[in-house]
Amino acid sequence: LSRLGVEVTIVEMGERLLMREDGELVRILTERLAQEGVRIMTKAKAIKFSQENGKIVLAVESENLQKELKADTVLVAVGRTANVEGLDLEKAGVRYTEKGILTDASLQTTAPGIYACGDVVGPYQFSHMAEYQAVIATRNAFFPLRRKARYENAAWCTFTDPELAHAGLTEKEAKERYGDRLRIYRHEYKDIDRARTDVSEIGMSKFICDLRGRLLGAHILGSRAGELIHEVQLARSMGIPFYKLYSVIHIYPTYTDIVKQPSKLCYIDRLRNNVFLKMLRVLLGKKK
């Protein structure tokens, strides 16, 4: 809308946009939006709506000060709630809360033989996660050997421009869980030949690994991020260390350099920490 000449103001109650995403990449995206003329108000709470001379007036409280915003149209994005009213779930013995239907790890509800999946179950409200759950719920409903839904390899993409793709832990989450036992690899779109050719140089990839090169989280901001994240998602799901992706032949020139180049750095780190190579360096150093 901003690119079409509409004055856009985003009112966000949190400290920043997209609180579930990696803060470093969100800052880049926020700066990009601001450069395009989008006004972003964070730590701002919407108090009430009113009308004045045909305009919509929004009272906003920010840093203990109230101000008014006037607009022609308002988009209110406050999330979704489970649509379970009128289904008589109580009669079937299916328990639910305001967040949705309660299920166990096999997606069976509190009523034996009844399964649920999708947004009404959570914990992620994405179409691809609903499909993942549907396969498990259907299989468990018809076969005795039950499979559990696992979410440690959940991934998603926010389709801003540029796109912001997410798989695994953010840097903050990884540090809270693993402390300083991390290695973080980055690569910017401006350093990719294909991105320069396409004039799509805004963005960066960020990969968070443990000291063994195991992927803990991957985040890509940039053109085609939603597609590019799948190579890393496959590695995470199959337990393939990040440094092994460097040995895969990647077509040039493509955006996959955003994954290949950081995996190369991870591979170099692995070589530097190889015990035999360390011994060899010591021996060569002594000969000198």
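**Exercise 1.** In which loop does Ile-249 lie, and is Ile-249 buried or exposed?

*Solution.* The structure is a predicted model. First, locate the residue: Ile-249 belongs to the loop between helix 6 (225-238) and helix 7 (257-272). Next, consider its relative accessibility, which is 81%. Exposed means over 50%, so Ile-249 counts as exposed.

**Exercise 2.** Determine which parts of the chain are linked by the salt bridge between Glu-52 and Lys-70, and classify the accessibility of Glu-52 and of Lys-70.

*Solution.* Begin with the contact: the closest N and O atoms of Glu-52 and Lys-70 are 2.9 Å apart. The cut-off for a salt bridge is within 4 Å, and this pair forms one. Then place the partners: Glu-52 is in strand 3 (residues 44-52) and Lys-70 in strand 5 (residues 65-71), 18 residues apart. Finally, Glu-52 has a relative accessible area of 35% and is partly exposed, whereas Lys-70, at 52% relative accessibility, counts as exposed.

**Exercise 3.** How many salt bridges does a search of the whole structure find?

*Solution.* The search finds 20 salt bridges. One of them joins the side chains of Arg-32 and Glu-36 (3.3 Å, N to O).

Note on methods
Residues numbered from 1 in each chain as written. Predicted model: local features only at pLDDT ≥ 70, side-chain atom pairs only at ≥ 80, totals over all residues. Heavy atoms only, no water. Helix = DSSP H or I, 4+ residues; strand = E, 2+ residues; numbered from the N terminus. Buried < 20%, exposed > 50% of the residue type's maximum accessible area, 1.4 Å probe, protein only.
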